[in-house]
Amino acid sequence: MPRLYQVDAFTDSPFAGNPAAICLLDKAADESWMQHVAAEMNLAETAFTYPIGQHRFHLRWFTPIVEVELCGHATLATSHILWETGIVPEDQTCIYQSLSGELRANKFEHLIELDLPAAATRELPPPAGLLDALGIVADFVGLSTYDWLVVVSSMESVRQMKPQMDGLRQLGVRGVIVTAADESGTYDFISRYFAPGAGIDEDPVTGSAHCALGPWWQQKTGKSDFRAYQASQRGGEIQVLVRGKRVLLRGSAVTILAGELFV
């Protein structure tokens, strides 16, 4: 029977961060079955992985309604489980083949470090309905690999937003990132992420969004290392390090439950 775990990612406390389900397989599974499992779990993402070599794995991610090309928090959660269960020794790298190419995960002190592809953002006029649906005034609007990126001048605008999800659902992209500098100095920047078109109204902590946020804030500030906070109801902290065409994301994870699938 496939083993199934639920992990809270980008947090060191239970019931915070972003929950992901991880399904450990012996071999490739039917795509329709994986989508049904993801719908049953009803989390932002469910990761499915099976071994393809020593410490190497094939990795796919599904929301309750679609497969996605990249998911940071579920990759972090998968790595946490592979180390915690002893499938991979803790001093070894987890290497994944995915729709986004090769991804890697290592232990860095008490954190997990993901090596993911950077996503450039090109400035574009906002599509019709975007800013109305968000209910904000933007300083910058651009399109990254997967998402619209909207920059605003106030962190309170990010925290207090109440977007109209029906409007965002019509945009034809995976999701919308909204970000601002953290004037308090606690973090370098904060963000929120909305993906109703992918079945997720608001994602609690989105690793892949920071693959675009890191390079954008690097261009804005000249810095390469950031401490970021995703200001959802659950919330989560991410260390973001921009390294050329790659972005390193560091965070913690906590196992919440473990079980077996009987179907």
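Helix H2, formed by residues 72-84, contains 13 residues and reaches 18 Å from its first C-alpha to its last, close to the 18 Å expected at 1.5 Å a residue. The model described here is a predicted one. Twelve of the 13 residues of H2 are buried, so the helix is largely enclosed by the rest of the structure. Gly86 follows H2, and its phi is positive, near 85°.

Helix H6 can be examined in a similar way. Its twelve residues, 210-221, should span 16 Å at 1.5 Å a residue, and the end C-alpha atoms are 15 Å apart, which agrees. Within H6, the residues His210, Cys211, Ala212, Leu213, Gly214, Pro215, Trp216 and Trp217 are buried. Just after this helix comes Gly222, with a positive phi of about 85°.

The cysteines deserve a look of their own. The structure holds zero disulfides. Cys23 takes part in no disulfide, and the nearest cysteine sulfur to it, that of Cys71, lies 15 Å away. Because its relative accessibility is 0%, Cys23 counts as buried. Cys71 is likewise in no disulfide; for this residue the nearest cysteine sulfur belongs to Cys211, 10 Å away. With a relative accessibility of 3%, Cys71 also counts as buried, since the cut-off for a buried residue is under 20%. Cys211, for its part, is among the buried residues of H6.

Key
Residues numbered from 1 in each chain as written. Predicted model: local features only at pLDDT ≥ 70, side-chain atom pairs only at ≥ 80, totals over all residues. Heavy atoms only, no water. Helix = DSSP H or I, 4+ residues; strand = E, 2+ residues; numbered from the N terminus. Expected span 1.5 Å × (residues − 1). Buried < 20%, exposed > 50% of the residue type's maximum accessible area, 1.4 Å probe, protein only. Disulfide = S-S within 2.5 Å.
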